[in-house]
Amino acid sequence: HDGGLRVRALEMNACTRPARTRTLWLCCSVLLAVSLALPAGGIYTSSPQEIANRVGRQALLHQQNFLFWGYGGALIFDGLYQCNATFHLPFAPILDEHLDKYKADMHSFGYKILENETIPWSSAVGDSLGLFPIAYVDRALLEAGSYNDTYVDLYLAVVVASKYIILYPHRLPDGTFSRDTGGSWPGELDGNYTFVWADDMYMGLTLLARLAVVLNDTEFARDVAKQQLTFAKHLQDEEDGLFYHGYNHYDQHHSCCKWGRANGWAMMSHVEALQALKHFPQLTNELQEVQHILQSHSKGIAKYQSVDGRFHQVVNETWTYLETSSTAMYITALVRGVVNQWLEYSEYVGIIEKAWQGLKSAITGNGTVTGVCSGTGIQANASAYEHRPTSYLKSANGGLGSVLYAAVDMEKFYKYKSG
């Protein structure tokens, strides 16, 4: 408000001056107005930190849309906490307030978990319950020593992992997490929770992978590795390395398409698993097997990068639109793969940098992210995926948080690249 008054005062003052001086004053007033609309650092830059700042601040203007307990909210909390740690951006106090609310509200999952109330099994392992506690793990690790409720945060996360993921009952005979629905996949019958979704690789395994490291829990890590292998067995196309969105074990059918974000969930889950497994020398064989999945999957993805740098809504259907969240997820997975030497630097450096340029083109000056497909179940055909909406305010379940991940990982990539 003060800035607006200052601009109007300049304009009024200019009107009383000679023409040449008035022109100068009006130019100055325009520059001042622009500077007030820009971030503290002046003109926009496209550095990872500036991207994180713009995207994060814009998301926090719409907290009712983006800060909630659910898988989409989990990515945004996680991404904002990572930005807070990497770039020292002031996001944590707002996030802390929401996490505390979930523990105090008797209708929230957080409260029910801490009060040892039994929560009915969901039809998906991670969508509503199994992924979100990564936000509490973030807070416990990032604010250790300054936050007096660290133990309670970790306790909440461990209860969810032990009770609602490890004991999750809906699985195929080989133990793979499963669902009782194929979404909008027509003509497919459920043979008692026989649908496998690529989404569940990330939703169901990320909390286990991170807690495996925090708790030094070999069994958590082993379980993550086993799931990686069985998911890949059911969903990965051996010919091109890509993952189908879904599989029905009842009739052994794959769904129509290799949806971009389904492949993004899977790619990010590979590196979450590997980041856990590298801490356990006794699981070297498992690490090598998951690394092979990451390598074959990455090669498959790389073949379909567009000239723009982004990737398509259906990966191998290049007539479908360029989709932002899947591009961000691939950046994160490829960067972590390269930095940890699970992938060859020379093979992926160009792909990563081109994808980053494409991703930045989808972010407006005020931090609004465009081109994120809304939350999407398994569809009947590629045209159905092509017609999924990309509204910003409905992009939380579409993986908006993955853009924050990409900014953090690109910062790490540039440091790795510089030596």
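**Sheet, pockets and disulfide**

Val 196 stands opposite Tyr 247, a residue of β2. In this predicted model, the pairing of β1 with β2, the strand of residues 246-248, is antiparallel and runs over 3 bridges. The two strands belong to an open sheet of 3 strands, ordered β1-β2-β3, in which the pairing is antiparallel. β1 (195-197) and β3 (253-254) form the edges of this sheet, each pairing on one side only. Helix α12, comprising residues 218-235, packs on the sheet and touches β1, β2 and β3. The direction of α12 makes about 105° with that of β1.

The largest pocket holds about 540 Å³ of space. Its lining consists of 23 residues, of which Gln 82, Leu 141, Arg 210, Glu 272 and Gln 275 are the closest to the pocket centre. At least two lining residues of the largest pocket come from each of the helices α5 (71-87), α9 (134-142), α11 (199-215), α13 (260-277) and α18 (401-417). Sorted by class, the lining of the largest pocket comprises 11 nonpolar, 8 charged and 4 polar residues.

The second largest pocket has about 230 Å³ of space. Helix α12, which packs on the sheet, supplies at least two residues of the lining of this second largest pocket, as does α14 (284-302). The residues lining the second largest pocket are Leu 229, Ala 232, Lys 233, Gln 236, Asp 237, Glu 238, Gly 241, His 254, His 292, Ile 293 and Ser 296. His 254 is thus listed in the lining of the second largest pocket, and the edge strand β3 spans 253-254. By class, the lining of the second largest pocket has 5 polar, 3 nonpolar and 3 charged residues.

With sulfur atoms within 2.5 Å taken as the criterion, the count of disulfides comes to 1. The disulfide joins Cys 256 to Cys 257, with an S to S distance of 2.4 Å. The torsion about the S-S bond of Cys 256 and Cys 257 is about -110°, and the disulfide is therefore left-handed.

Methods
Residues numbered from 1 in each chain as written. Predicted model: local features only at pLDDT ≥ 70, side-chain atom pairs only at ≥ 80, totals over all residues. Heavy atoms only, no water. Pairing = 2+ DSSP bridges. Helix = DSSP H or I, 4+ residues; strand = E, 2+ residues; numbered from the N terminus. Contact = heavy atoms within 4.5 Å. Axes fitted to C-alpha atoms, helices over the stretch in contact; angles between N-to-C directions. 1 Å grid on protein atoms, 1.4 Å probe; cavity = no way out; pocket = protein on both sides within 12 Å on 5 of 7 lines; lining within 4 Å. Points joined across faces, edges and corners; volume = space filled by probe spheres on them. Nonpolar A, V, L, I, M, F, W, Y, C, P; charged D, E, K, R; others polar.
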